[in-house]
Amino acid sequence: MTSEPLTKRADHPLTAPGHEWWRSAVIYQVYPRSFADSDGDGIGDLPGITARLPHLVELGVDALWLSPFYRSPQADAGYDVSDYRAVDPVFGDLADADALVARAHELGLRVIVDIVPNHTSDEHDWFQAALAAGPGSEQRARYLFRDGLGEHGELPPNRWRSVFGGPAWTRVAEADGSPGQWYLHLFDVKQPDLDWTNPQVHEEFVSVLRFWLDHGVDGFRIDVAHGLVKAEGLPDWEHEPEMLEGTDSRFSRPPYWDQPGVHDIYREWHQVVAQYAGDRVLVAEAWVTPAARIADYVRPDELHQSFNFPYLVTAWEGPALREVITESLEAMGSVGAPATWVLSNHDVLRHVTRFGFEAGTALPNGIGLADSQPNHEVGLRRARAATMLMLALPGSCYLYQGEELGLPEHTTLPDDVRQDPTWARSSHEHRGRDGCRVPMPWAGDSPSFGFGPSHNAWLPQPSSWAGLALDAQRTVPGSTYETYRGALRLRREHRLGEGELSWVDGYPEQVVALRNDDVLVLANTGRTTVPLPDGAQPLLTSVPVDLSAGLPADVTVWLPAR
Ligand code: GLC
């Protein structure tokens, strides 16, 4: 018995008639610092990425999304941009960016780049000019400068807190050296927030979009897309911010997330991108919940996709997974947008590690030596099963570099090598995100595991990664890498990204049982083996297992649907 299909894209009134590539694409996130280092300085770079593009073709993805490689003091690993039209020398130059895009296109891969519109670096010309020009100037009006409270302006304008910890306001010294105004930074002190009520800010970002579109990129991932507009008057809010808070009905919404005004910006950007041929795509990093609010970002005249963070944070539990999948498909379907799916990125604990803890465990923001450690074996098995469930879903999937190798978080990084500003700004309470950003292991026997030509790696790689390196898994049947490849090949062959999902009845609650066109997918999140249909011949299993007694715990299988 199957339910009514949940995605009737073809006859949805809002669905564009075309089959834009991004509706069903698998998009691979490259974190430039950590992908491949061509010059041996220990930091990945654009020529390194270009040289490794054949890996993405072999893996079988459609596109790559590059985290920022723009000129930046690297206070937040490049999410602090000082020149949006230049490549940071640590990553190469503009010619290297052009070469990367050209090579990717030759290989049939699309390229999405990051854009960071909520804040600039404090080393951006605009911010330097704002400091020099002083209170009340046109230059200051591009940022959120305010006078302080208290008799001498010695108190911040309100109690907003930075996402990385500490106050979200910093006081500047005026040109004569006297203590002056305060500026808002929702993130690091080196990331001043722009004022999106200022038309100059709009014009500048339209121009930056055009700059990179003219350089041939296929789209943009919009950093902190839900944060650009702040509530009028900057009303007070005293709580610690979470990225995924505020739109959940359990919380009231902070005055800086998901404000209605953000949608005007995306309508403007939609028009810009629509002038370019080739189905360019805009994808939001909007930590917004529930799915119905995410759908607002992908209405027909706004963005094309938004990351599905409610899916990312869902535990490995059948009922919860069914619920989030249904909600996502319905909400995005209601506006004619594809659902998206994601399990890992450069800001969260890798899913191998998350699933290595009991469901319901409150996980810290970063794990260190003294913290309780995950069960790696269980985590990897569940992560592979979760990935095979994800890759069976209609819509677009995002992969994060290294997950195809089954990389866990580095959970025992020495504290003195940490670079995420979260660690210092939270007064060493939250270790932050370095553990998911450790350079890729390509070759188990080489220095820096083949990340670069030298031993250098900006974060140390665990010695256990020798066995996870690409060359230890490539062509090895049943390896994590070959399983990803197999799933991506079958996803393409069976057109699962464009398919329709129906739930299948008759299985225990802990089994996620679905049909996507001609494929039956069973993901067993429970503790016991469950019977399979008679004579079932698997297309693929998430780990090599004997299915003669049924489907074991923490395994996903794809079968021909009958
Ligand atoms: C986004 C990025 C994150 C960065 C933050 C500030 O959440 O993904 O890495 O620190 O924005 O730009």
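## A serine in a loop

Ser 427 lies in the loop between α12 (421-425) and α13 (470-473), where helices (H or I, at least four residues) and strands (E, at least two) are DSSP runs, numbered from the N terminus. Ser 427 is exposed, with a relative accessible area of 64%; buried means under 20% relative accessible area, exposed over 50%, and partly exposed in between (1.4 Å probe, protein chains only).

This is a predicted model, in which local features need pLDDT of at least 70 and side-chain atom pairs count only at pLDDT 80 or more, while totals for chains, interfaces and linings use all residues. Residues are numbered from 1 along each chain as its sequence is written, and side-chain values use heavy atoms, with hydrogens and water left out.

| Residue | Phi | Loop |
|---|---|---|
| Gln 74 | about 65° | between β3 (70-71) and β4 (83-87) |

## An alanine in helix α14

Ala 487 belongs to helix α14 (residues 480-493) and is buried, its relative accessible area being 0%. When its neighbours within four places in sequence are left aside, Ala 487 is in contact with Met 388, Leu 391, Leu 540 and Trp 558, contact meaning heavy atoms within 4.5 Å. The C-alpha atoms of Ala 487 and Thr 387 are separated by 9.0 Å, although these residues are 100 residues apart along the chain.

Helix α14 also gives the most to the lining of the second largest pocket, with three residues. By class, that lining has nine nonpolar, five polar and nine charged residues; Ala, Val, Leu, Ile, Met, Phe, Trp, Tyr, Cys and Pro count as nonpolar, Asp, Glu, Lys and Arg as charged, and the others, Gly among them, as polar.

## The chain as a whole

The protein chain has 14 helices and 18 strands. Of its 562 residues, 62% are buried, and its C-alpha trace spans about 80 × 55 × 45 Å along the principal axes.
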